[in-house]
Amino acid sequence: MSEYKQLINGELVDGAREIDVENPATGKPFAKCPVADEAQINQAVAAARAAFPAWSAKSQEDRAALINQIADELVAQTEELARILTSEQGKPLDQAKMEMMAGMFTAKVFADMRIEPKTLQQDEKNRIYEIRKPLGVVAAITPWNFPIMMAVHKVAPALLAGNTVVLKPAATTPLTTLKFGEICNKFLPAGVVNVVCDNNDLGDVLTSHPDVDKISFTGSTETGKKVMEAASRAIKRITLELGGNDAAIVLDDADPVEVAQKVFQAAMMNAGQVCLAVKRAYVPAPLYDAFCDELARLAGEAVVDEGTAQGAQIGPVQNRKQFEKLKGLLESAKAEGKIIAGGNAIDRDGFFIEPTIVRDVSEDARIVREEQFGPVLPVLSYDDIDDVIARANDTDYGLGGSVWGKDIDRAVSVAEKVQSGTVWVNQHLGLSPTIPFRGAKQSGLGGELGQEGLHEFTQATVVNIKL
Ligand code: NAD
């Protein structure tokens with residue numbers, strides 16, 4: 001019987017069955033995970049529904065105090081949880097600890113926020129103001145790249161706003177989330193947070209459930225479309241954080257070596273499995289060779305190893321399916337461009353891919369058009385700034401992007417033309433729980449983080465009084 005349990009109505013329970021969880025550093029199962037059947041999903045939703053009236057009646061201060069206790073417990077359990085996270089997700093242990101700390105910090109930031117009535121008009125004839133109320137039961141569905149951080153992005157604001165939650169992690173990274181459920185259960189009333197697992201097959205049961213009022217989903221654009229379809233049947237509130245194909249545009253006054261180092265970090269973090277990773281780099285022709293050479297040097301020197309190994313910088317990719325997808329993309333890349341570092345899976349157990357840099361590649365190559373989600377970066381050259389902006393924008397995605405140059409005003413004028421939810425200047429990947437984060441185009445709908453992210457878990461009501 002698995003040592004990991006689902007959380008339903010304040011009880012830590014087994015699943016209807018169990019599945020193996022593989023360690024991506026070995027490709028071998030290391031733990032069993034309980035998975036729900038439809039009946040357990042229904043029980044979890046019913047528990048969340050039953051807990052809603054009492055939870056939503058509590059003051060924001062009372063709810064915030066409990067969120068803070070959960071955050072403190074995340075800190076107390078960081079070492080243990082980071083080890084589980086590295087075992088199931090693959091990331092180096094120090095990055096796993098950073099994810100835990102980011103989760104804790106985000107929870108605390110939301111605990112400090114408040115939802116206040118907003119005056120819209122006040123004169124001798126009218127008083128009009130807006131209040132925000134919780135929506136009810138939130139289905140929170142997370143991907144496998146940052147299981148804890150993504151869970152906290154959803155659960156903390158949902159709870160502060162007065163909602164109850166059914167949280168479902170990805171099938172290949174369920175364990176840290178189950179531990180998070182245990183922590184929630186230490187502090188919260190029964191049913192306020194429920195954690196259920198599946199074998200990547202019950203998401204639709206949750207999103208279609210008539211008693212789920214809001215879906216907060218992070219994952220691929222392909223699955224996001226299915227979520228939107230399920231939500232459409234009852235016009236459920238949805239937040240979708242989806243895929244990206246972020247471009248980094250380097251301007252001709254940039255230092256190519258310095259910028260290459262920063263772009264490399266932003267492309268390879270978490271083995272490139274970051275929605276907001278740099279996934280394409282555009283470099284002016286005169287700087288192209290120097291930029292590519294520095295990237296190739298960094299890729300050659302990067303320490304790729306299992307996450308628990310001392311000094312590991314890049315771990316394995318998270319799961320077998322993603323590993324196979326990347327191998328296919330690398331085969332295409334060999335025909336589409338010139339590989340100047342890496343290019344292959346590493347000949348060892350587990351799902352390791354060499355950090356790969358591809359140059360002299362055309363705009364329509366698969367490695368450029370598709371979200372790689374791995375330690376792979378194509379580098380393209382350009383001559384004309386308007387042309388490169390058009391090329392950077394020529395994608396259905398619009399999550400993030402960055403522009404790099406010494407003349408900040410000029411870099412900003414280019415940045416503002418990038419069609420994405422976030423665009424950075426002289427950095428990439430900077431996120432803060434106080435700053436809203438959202439995708440343009442097919443990278444998402446609505447947003448997370450910041451006061452706006454909190455408001456996504458509420459229904460606004462305008463109160464319009466004739467005086
Ligand atoms: P995925 O879409 O395969 O799965 C995400 C979650 O959805 C999992 O929990 C999965 O079990 C569940 N799911 C599967 N089918 C479902 C259905 N029909 N209805 C409801 N839920 C269903 O994504 P993934 O492969 O786990 O994650 C990688 C993707 O996530 C990448 O595209 C990445 O860019 C994206 N991502 C986006 C953000 C962001 O904030 N924009 C953050 C992290 C990851």
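Residues are numbered from 1 along each chain as its sequence is written, and side-chain values use heavy atoms, with hydrogens and water left out. In this predicted model, local features need pLDDT of at least 70 and side-chain atom pairs count only at pLDDT 80 or more, while totals for chains, interfaces and linings use all residues.

**Ligand shell**

- The ligand is surrounded by 29 residues, where near means that a heavy atom of the residue lies within 4 Å.
- The closest are Asn-200, Ser-220, Thr-223, Leu-242 and Glu-371.
- By class, the shell holds 13 nonpolar, eleven polar and five charged residues. Nonpolar covers Ala, Val, Leu, Ile, Met, Phe, Trp, Tyr, Cys and Pro; charged covers Asp, Glu, Lys and Arg; the others, Gly among them, are polar.
- Domain 1 (6-242 + 441-466) and domain 2 (246-432) each give at least three residues to the shell. Domain bounds come from an automatic or database domain assignment.

**Ligand contacts and burial**

- Polar contacts here are pairs of N or O atoms within 3.5 Å; within protein, one must be able to donate a hydrogen and the other to accept it, and residues adjacent in sequence count only if both atoms are side-chain atoms.
- A polar backbone atom of Gly-219 is 3.2 Å from a ligand oxygen.
- A polar side-chain atom of Ser-220 lies 2.7 Å from an oxygen of the ligand.
- For Thr-223, an N or O atom in the side chain is 2.7 Å from a ligand oxygen.
- Alone, the ligand exposes 850 Å², and the protein buries 90% of that. Accessible areas come from the Shrake-Rupley method with a 1.4 Å probe; for residues, only the protein chains shown count as cover.
- Helix H7 (203-208), strand S10 (214-218) and helix H8 (221-232) are the elements giving two or more residues to the shell. Helices (H or I, at least four residues) and strands (E, at least two) are DSSP runs, numbered from the N terminus.

**Three-stranded sheet**

- This open sheet runs S5-S6-S22 with antiparallel pairing. Strands pair if DSSP finds at least two bridges between them.
- Strand S5 (118-122) and strand S22 (458-466) are the edge strands.
- Nine bridges join strand S6 (residues 126-134) to S22. Tyr-129 stands opposite Val-463 in S22.

**Seven-stranded sheet**

- The order is S14-S15-S16-S13-S12-S17-S18, in an open sheet with mixed pairing.
- Strand S14 (338-341) and strand S18 (424-425) each have a single partner strand, so one side of each lacks a neighbour in the sheet.
- Strand S12 (residues 246-250) and strand S17 (residues 401-404) run parallel, joined by four bridges. Ile-249 has Val-403 in S17 as its bridge partner.

**Hairpin**

- Strand S3 (residues 17-23) and strand S4 (residues 28-35) run antiparallel over seven bridges. Ile-19 is bridged to Cys-33 in S4.
- Four residues separate S3 and S4 in this hairpin, and Gly-27 in the turn has a positive phi of about 75°.
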